[in-house]
Amino acid sequence: MSTQDPSLNPQAEAAIDGLQPTVEDPQAAAVAATPAVRRDTLGEGDNILEVRELVKEFPITKGLLVRRRVDAVRAVRGVSFDVRRGETFGLVGESGCGKSTTARMICRLIDPTSGSIAFDGRDVAPLRRGELGPFRRDVQMVFQDPYSSLNPRHTVGSIIGAPLDIHGLATGQGERKRRVQELMDLVGLNPEHYNRLPHEFSGGQRQRIGIARAIALEPKLLIADEPVSALDVSIQAQILNLLRRLQRDLGLSLLFIAHDLSVVRYMCDRIAVMFAGEIVELATSEELYAQPGHPYTRRLLDAVPVPDPDARARRLRARAGASTDASAPPA
Amino acid sequence: MARYIIRRLLWTVVTLVVITTVAYVLFRVLPSGDPVRARAGKAPTQDRLDAIRESLGLDNPWYQQLGDFLWNAAHFDFGRSYISDAELRPLLLDALGATVWLVVGAAILWLAVAAVVGTISALRRGSIPDRLAMGGALVAISAPVYWLGLVALYLFASDIGQFKVFPGAGSYADASNVLDRAWAMVLPWMVLAAAFSAIYARLLRSSMLETMSEDYIRTARAKGLTERRVVARHGARAAITPIVTALGVDVGFLIGGNAILTESVFNIPGLGRLSFDAIQRGDVATIQATVLFLAFFVCISALIVDLLYAVIDPRVKYE
Amino acid sequence: MSDPQETPRDLPPAEAEGPTPLLRVEDLSVAFRSEDGVVQAVDRVSYDVEQGRTLGIVGESGSGKSVSSLTVMGLTRSSAATITGRVLFQGRDLTTLGAEELRRIRGNEIAMIFQDPLSSLHPFYRVGDQIIEAVRAHNDVTRKQARARAVEMLGLVGIPDPDRRADSYPHEFSGGMRQRVMIAMALCNDPKLLIADEPTTALDVTVQAQILELIDRLQRELGTAVVMITHDLGVVAETADDIAVMYAGQIVERAPVHDLFAMPRHPYTWGLLRSIPRLDQPRDVELVPVDGRPPSLIGLPDDCHFRARCPYAAGCCRPGMPPLGQADGAPEHWLRCTMPPERRETIWGVLAAGGTPREAAEAAGITAGTGEEAA
């Protein structure tokens, strides 16, 4: 990273403020101008989810008495990717890049402006809320903040059991309680804590509650939006390993969204890097970290601090060597 | 900013038209007594009733009556009272003067009290002064205004009081110059301000407590500012936002007629008294006018509050 | 207490070797009274920070890393707090200073930046004015001179067009820019010590790299000593000269950065290192979380706080709180653990090669659950 131009106003930050990415900064402009790198083909194999050209615009309105739409902020600008059955697919990027907006569109918490979301072969993007039916069961979400995503006045049992009630899956109190305690055991909570309230649990345990609620309906796709970024480091690993184990044991497909590249690498089979509402690179985990193809990916990777006083220097040297080799043959 | 103000004023007009219409329809539908009969004297002839009806414009269809009223109101012409036939505009303006005098004076008083009590309570949370102040505040909030007013008159009024210190009820109406009017208002101000002082002191205390735990207060201390400067410049500035909100609503309502209890006890001819009397007599024209006044002041004070936000908080932007 | 004859006592002890450290924290303890009992937030913490060097303090939430640093600044003083021990800054004990004397040091000789630059800057004042206020709190200068200094500092931290941007409000900056403003404000009086409390935690990773680089550059140019508080082992590895690992209010391990990463010696440090995913290691190394969770800081027994979560406790732990002592063969490496050195090397050998704590414990002859090993 050059010292004289530390990229003072990266596009990603401008995007937080709801602005269109500015092209004042040469480095960001270069990033935006570089074509996306794709090391897979769309529509191949057995996909649980196929997202095509997904766009989300937030309107800007104006007017004296009646507001009319004059412009729009394009938070997501044509995103396409597949999630294969049984894999963990990662969406990684910095704040404001559109990764969470994408996730929220996929589980239809917000409506996409355009594009298609094929889940299990059926496009759910044009469906209205009431028509979603089984989709609501098959796709579940785990949120970032284990403190605010649980109702503080409901017991753990009723939080985890709520989806069962809504979809009429548990008949009778005994059946419901048995199922909830099974789930609690599965995510590593003590089933005897069935009647406790969320505030009696630590952050990591609350995230376990959130996960238990999400898998209660045996969904086909689990979307985890920054599930560990609010947790302490030693607790993060507990949750990450739990998600990995559940994914393996239950055959879940997992869409994993995070800003931490080390975490995403650990969790995901394939990774899409997002920048300013677009996917700039999509590759398998191994490829992406060994040979980042897009300058933005490289910038991200270089910025990650490594807990080894010598490793960073080594890594930068190695990459400098590799990139001179790669750029040697003329285009 | 200018565009924003214009837009808000346009909305205010819309709001006023809607409120006036609702009020008009309500008073037409409800049996409030026929104003024509009320004015016609005993055993009127049908001709006389018709003549009065025509002179008041009450023979026109209802929408035309409403339209006329709105149109005239836009020109600050509220017509005449259905009962006394007095022209309403000077009546309203006089009443408004008295109410504004009462409310603004009281507001200044309660803000001053609340600023001192609230700040000290917040900074010395849990101390004896804090507990005393907050206990006293509860008493002041619970005391009904009319009771407090009567007690004040009984104790301090120059005519009936035990200690003849301040002018008593009705002295405002008799006052001839500004000084006399202010003097006459001392008791009403204190009575009206009592409950509000308590409410505002509690509001400021909790707001101040919240502000003083903000990160930027820690930064201000880490910079090496004196504690006094931390409180006065960094704490207070942020803590007054909820005060401004409350003040806008309260002053708007009070000027619009909600100071009626204080006005009644002290016999102050304000807007509250005017509308109360009008309702008792079924004087629809006057009621219409006072409703319009109330709505107008509430809307305007809401607008002023919103504009004040932009002054206090640079993050607030209106386009 | 403030008897002038007693001042020599506040000078650093004569037996201290080498140059006097800029900051010496000695047996610092901080306890807060709360509704549930006394919270021992910081417990007998000691460390030195030399002029121009960086000490990294690593720990999870509740480890006491922030509270201990706020206490250095005198920012935890309150009627509910009990502070014992000494904070010697250039030989003066800050814990005994009066409010006004302490104020003169804060923001002048010791400055601090915080985790969230948005909430740490006052939202209602222009950033230039906030820096001017900091300058004028310690220097008898005109507003104009102070503003010149503010603009100079904003330029120094890399804010383009600083003269114009000084009139902007905090919300008009991006997250990284706000942290630059905080740094400019902290350094405007040329402090000798900068305490950075999680300065990059709220920032994106590319912005984090820029901010760390900026702190590093300014430290070199201005000769400032830095205390870098963070939960991120990566951040300390890249910035610190020395590292202190904190757990449950105590320093459990303290060493120069290369020593610590080459041969970490405390089981908690091992746990941390094995529980974070790392870009510099193969992808298939399974993460090993530290089981359980940190203890409540209320009513902790005077015993090793980590024992309940330690996979290697069986067989070598003695009752009572282990002292913070020098490790064998590494005089600069301090730790709060009584495990024999051979066992320590065996266990770390297994862990470093990617083994699980269970394998490591077996290699060291610890059988889980049996408690005492046959001696």
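A residue counts as buried here if 20 or more other C-beta atoms lie within 10 Å of its own. Keep that cut-off in mind for the first stop. The model is predicted.

**Stop 1: a covered helix in chain B**

Select residues 215-222 of chain B. This is helix α10, and 6 of its 8 residues are buried, so the helix is mostly covered by the cut-off of 20 or more C-beta atoms. Colour the buried ones: B:Y216, B:R218, B:T219, B:A220, B:R221 and B:A222.

What covers them? Show α11 (227-239) of chain B, then β6 (110-113) and α3 (117-120) of chain C; the cover of the buried residues of α10(B) includes these elements. Now step just past the end of α10(B). There B:G224 has a positive phi of about 90 degrees.

**Stop 2: two helices of chain B**

Stay in chain B and select residues 241-258 and 271-281. These are helices α12 and α14, packed with their axes 7 Å apart at an angle of about 45 degrees. That angle makes α12(B) oblique to α14(B).

Zoom in on the contact. From α12(B) come B:G256, B:G257 and B:N258; from α14(B), B:L271, B:G272 and B:S275. By class, the contact has 1 nonpolar residue, 5 polar and no charged.

**Stop 3: the annotated spans of chain B**

Next, bring in the UniProt record. Its unreviewed entry places the feature "transmembrane region" at residues 9-27, 98-120, 132-157, 182-203, 238-261 and 291-312 of chain B. Residues 9-27 are 100% helix and 0% strand, and the end C-alpha atoms lie 27 Å apart. Residues 182-203 are also 100% helix and 0% strand, with 28 Å between the end C-alpha atoms.

Then widen the selection to residues 96-309 of chain B, which UniProt lists, again in an unreviewed entry, as "domain: ABC transmembrane type-1". This span is 82% helix and 0% strand. Its end C-alpha atoms lie 27 Å apart.

**Stop 4**

Switch to chain A. Expect 12 helices and 11 strands. Of its 331 residues, 43% count as buried. Among contacts in chain A with a separation of 6 or more, 65% join residues 24 or more positions apart.

Pick out strands β3, β2, β5 and β6 of chain A. In that order, these 4 strands form an open sheet with antiparallel pairing. Which strands sit at the edges? They are β3 (68-84) and β6 (122-123) of chain A, each pairing on one side only.

Look inside the sheet. Strand β2 (residues 47-62) of chain A pairs with strand β5 (residues 114-119) of chain A over 5 bridges, in the antiparallel sense.

**Stop 5: where chain A meets chain C**

Finally, show chains A and C together. Their contact takes 43 residues from chain A and 40 residues from chain C. Select α1 (11-16), α8 (233-250), α9 (261-267), α10 (285-290), α11 (295-303) and α12 (311-327) of chain A: each supplies at least two residues of the side that touches chain C.

Which of these helices gives the most? Highlight α8(A), which contributes 7 residues to that side. Colour the chain A side by class to finish: 23 residues are nonpolar, 11 polar and 9 charged.

Definitions and conventions:
Residues numbered from 1 in each chain as written. Chains lettered and ligands numbered in written order. Predicted model: local features only at pLDDT ≥ 70, side-chain atom pairs only at ≥ 80, totals over all residues. UniProt positions renumbered as here; feature names shortened; annotations may be inferred. Buried ≥ 20, exposed ≤ 12 C-beta atoms within 10 Å, placed from the backbone. Contact = placed C-beta atoms within 7 Å. Pairing = 2+ DSSP bridges. Nonpolar A, V, L, I, M, F, W, Y, C, P; charged D, E, K, R; others polar. Axes fitted to C-alpha atoms, helices over the stretch in contact; angles between N-to-C directions. Parallel < 35°, antiparallel > 145°, perpendicular 65-115°, else oblique.
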